[in-house]
Amino acid sequence: MTTAGIRIRALEGLVDLLVCLAILYVVAVITGNTNSDRGSIGFDLWGIPAVVGYALCFIYFIVFEAISGATIGKLITRLRVVRERDGGPIGWGPAVIRNLFRFIDGFLFYLIGFVIICFSSKHQRLGDIVAGTIVIRHR
C-alpha cells in the first residue's frame, strides 16, 4: 500500500471543500440566505441554517468514507481511506472517529493536520492515527 502524501491530500481536500461549499450554498438557497439580489453569487448562513449546512458537510464525509472509503475529492484523486492494520474498508466506527477529529486537524486552516501529516511516517493526520486508518493511493 502506498500512502498518500501531503500534495495529493491537499488537492483532495480542495475538491471536498468545493463540495461542502456547494452543500452550504444549496442550504442557503433553500432557506433564502443567498446574496444574489445584490448582484453576487454568495450566501450568508447563520443560526439553524448554518448548523444544518455544517452538519450535512460532516455527514457527507462520514457516509462517503464509511460506504466507499472515499469522498468525491478522494475519488477524483484516486485515494481511499483504509484500515491501517490490514488495508480493509473502514466502516462506520472509524469513519465517525476520524471525522470527529477533523475539528482538531482543521484548526487554523488545517495547520494542525498539515503538521501531523508531514511528521507522520504514514502521512496520517490525527484523525487517522486515532481511528487506525491511512489514506492510500488507489489504482
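Helices (H or I, at least four residues) and strands (E, at least two) are DSSP runs, numbered from the N terminus. By that count, the protein chain in this predicted model reads α-α-α-β-α-α-α-α-β along the sequence, with 7 helices and 2 strands. Residues are numbered from 1 along each chain as its sequence is written. Since the model is predicted, local features need pLDDT of at least 70, side-chain atom pairs count only at pLDDT 80 or more, and totals for chains, interfaces and linings use all residues; side-chain values use heavy atoms, leaving out hydrogens and water.

**Overall shape**

- Along the principal axes, the C-alpha atoms fill a box of roughly 50 × 25 × 25 Å.
- Of the 139 residues, 39% count as buried, where buried means under 20% relative accessible area, exposed over 50%, and partly exposed in between (1.4 Å probe, protein chains only).
- Taking a contact as heavy atoms within 4.5 Å, 64% of the contacts between residues at least 6 apart in sequence join residues at least 24 apart.

- The structure holds 9 salt bridges, each defined as a side-chain nitrogen of Lys or Arg within 4 Å of a carboxyl oxygen of Asp or Glu.
- Glu12 and Lys74 meet in one of them, at 3.1 Å from N to O. This pair links distant parts of the chain, with Glu12 in helix 1 (residues 6-31) and Lys74 in helix 3 (residues 72-77), 62 residues apart. Glu12 is buried at 6% relative accessibility, and Lys74 is buried at 2%.
- Arg102 pairs with Glu65, their closest N and O atoms being 3.9 Å apart. Here helix 5 (residues 102-105), which holds Arg102, is linked to helix 2 (residues 47-68), which holds Glu65; the two residues are 37 apart. Both Arg102 and Glu65 are buried.
- Glu12, Lys74, Arg102 and Glu65 belong to a network of salt bridges that also takes in Arg9, Arg98 and Asp128.

**A partly exposed salt bridge**

- Glu84 and Lys122 form a salt bridge with closest N and O atoms 2.7 Å apart. Glu84 lies in the loop between strand 1 (79-83) and helix 4 (92-100), and Lys122 in the loop between helix 6 (107-119) and helix 7 (126-131), 38 residues apart.
- Glu84 is partly exposed at 26% relative accessible area, and Lys122 is partly exposed at 35%.
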